[in-house]
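Reader: Before I rely on any label attached to this model, I would like to see the criterion behind it. Could we go through the terms one at a time?

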Amino acid sequence: MIRPLPRPSLARTRARAKAALGPWPAAKSVAYIADDLGWGVRQRLGRIQSDSGSTHLAVPLDRSVDYLEGVFSDYTTYGGLDRLRGSAAEVGPGDNAGVALLLRQAGCESVELIDRFRSRRSPAQQRQIYEALAQQCGLERPAGAQDWDDEHLPGITWRVGLSAEAYFAGCARAGGRRYDLIVSRAALEHLYDPLGALRDMALCLRPGGRMVHKIDFRDHGMFTPTHPELTFLRFPRPVYRQMTRRSGRPNRVLLHRYRSLATELGRIAALDVTLLVTSLVGEGELSPHVPLAQIPADRLRQALTRVDAQRHRFAREFAGVSSVDLAVSGIFWVGTRRVR
């Protein structure tokens with residue numbers, strides 16, 4: 001059973017506490033550990049509703065529609081998706097199935113929406129978003145429906161309450177080769193084991209199938225903007241795990257580990273991977289997204305200066321990681337399973 005979120009007054013109290021602890025990262029880390037333990041208790045009680053992923057809740061209607069179109073456009077543009085077909089999965093859809101509707105319109109026969117949490121949403125607002133998206137993109141309302149209901153959209157199924165790691169591990173054990181497309185945006189950085197999930201996703205792709213994931217390596221406001229962008233890299237791994245493992249806060253799996261995995265999956269899963277850089281430390285978004293070798297030299301130089309100024313404070317696990325790898329704060333992972 002999905003239980004209600006904490007009362008708004010409690011949410012405000014937490015926000016005030018976070019602001020009060022802002023000047024002291026160590027004190028803030030203790031608060032995160034306590035909060036993460038609370039998330040563990042709530043999950044054992046079946047309370048999976050969360051504000052995480054509530055992308056549209058406080059956003060004007062036109063911006064919601066533009067966002068959904070932008071996400072879909074990124075998938076097709078950077079993923080090289082000139083023609084869609086078959087079965088798709090979206091990891092971490094949050095509070096809206098709009099991207100799934102656009103995938104269906106473009107040719108996918110079915111889309112499964114996989115999310116560990118149930119994002120808080122306003123049903124009335126969601127209906128308005130679907131209607132505006134339909135008018136802007138030429139979507140047809142489900143046959144016989146008087147209004148939009150994202151729990152009953154033809155060809156779209158919610159898989160809520162199960163982590164992506166568990167979901168795709170089950171798919172792989174069942175024989176895999178189920179999906180023609182797997183996509184996500186700002187979701188893999190919240191998984192406990194994103195690399196394991198990607199291994200299983202690769203096994204669940206049909207030959208010729210594709211994965212397109214936009215991954216954000218930043219701290220999602222844990223310590224920024226009060227402190228430098230890479231402050232969250234200061235904490236030893238065991239401490240950081242206790243701050244994040246149950247709550248879905250950023251997992252600190254960074255570029256060097258995704259690059260190693262890409263090489264591994266090329267060998268064991270016939271997956272050809274392209275990595276595009278989407279953002280740099282302190283420099284923000286790179287548009288268009290480009291391979292590492294094509295990053296503008298002046299922007300990379302500025303990002304490297306910021307990394308080198310901070311890296312003496314980083315945890316030991318990052319000591320051997322190159323400054324270039326640490327300077328990349330986001331990527332697009334595009335993987336295609338070879339047809340043998």
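What follows is a conversation that sets values from the model against the definitions behind them.

Author: The model is predicted, so local features need pLDDT of at least 70 and side-chain atom pairs count only at pLDDT 80 or more, whereas totals for chains, interfaces and linings use all residues. Residues are numbered from 1 along each chain as its sequence is written, and side-chain values use heavy atoms, with hydrogens and water left out.

Reader: How do you know whether phenylalanine 217 is buried or exposed?

Author: Buried means under 20% relative accessible area, exposed over 50%, and partly exposed in between, with a 1.4 Å probe and protein chains only. Phenylalanine 217 has a relative accessible area of 5% and is therefore buried, and tyrosine 258, at 0%, counts as buried as well.

Reader: What makes arginine 241 a charge over a ring?

Author: The rule asks that NZ of Lys or CZ of Arg be within 6 Å of the ring centre and within 35 degrees of the ring normal. The charged end of arginine 241 sits over the ring of tyrosine 192, 4.2 Å from its centre, and arginine 252 lies over the face of tyrosine 240, at 4.1 Å from the ring centre.

Reader: Which residues have the most contacts inside the largest nonpolar core, and what makes it a core?

Author: A nonpolar core is a set of buried Ala, Val, Leu, Ile, Met, Phe, Trp, Tyr and Cys residues joined through side-chain atoms within 4.5 Å. The largest has 59 residues, and those with the most contacts inside it are Phe168, Tyr179, Ile182, Met201, Met211, Tyr258 and Trp333. Helix α7 (residues 194-204) contributes its largest share, six residues. Apart from this core lies another, of 34 residues, including Leu84 and Tyr130.

Reader: Why is helix α4 called mostly covered?

Author: Six of the eight residues of α4 (residues 98-105) are buried, namely Gly98, Val99, Ala100, Leu101, Leu102 and Leu103.

Reader: What makes the approach of asparagine 96 to glutamine 126 a polar contact?

Author: A polar contact is a pair of N or O atoms within 3.5 Å; within protein, one must be able to donate a hydrogen and the other to accept it, and residues adjacent in sequence count only if both atoms are side-chain atoms. The side chains of asparagine 96 and glutamine 126 make such a contact at 2.5 Å. Asparagine 96 itself lies in the loop between β2 and α4, and its relative accessible area of 2% makes it buried.

Conventions
Helix = DSSP H or I, 4+ residues; strand = E, 2+ residues; numbered from the N terminus.
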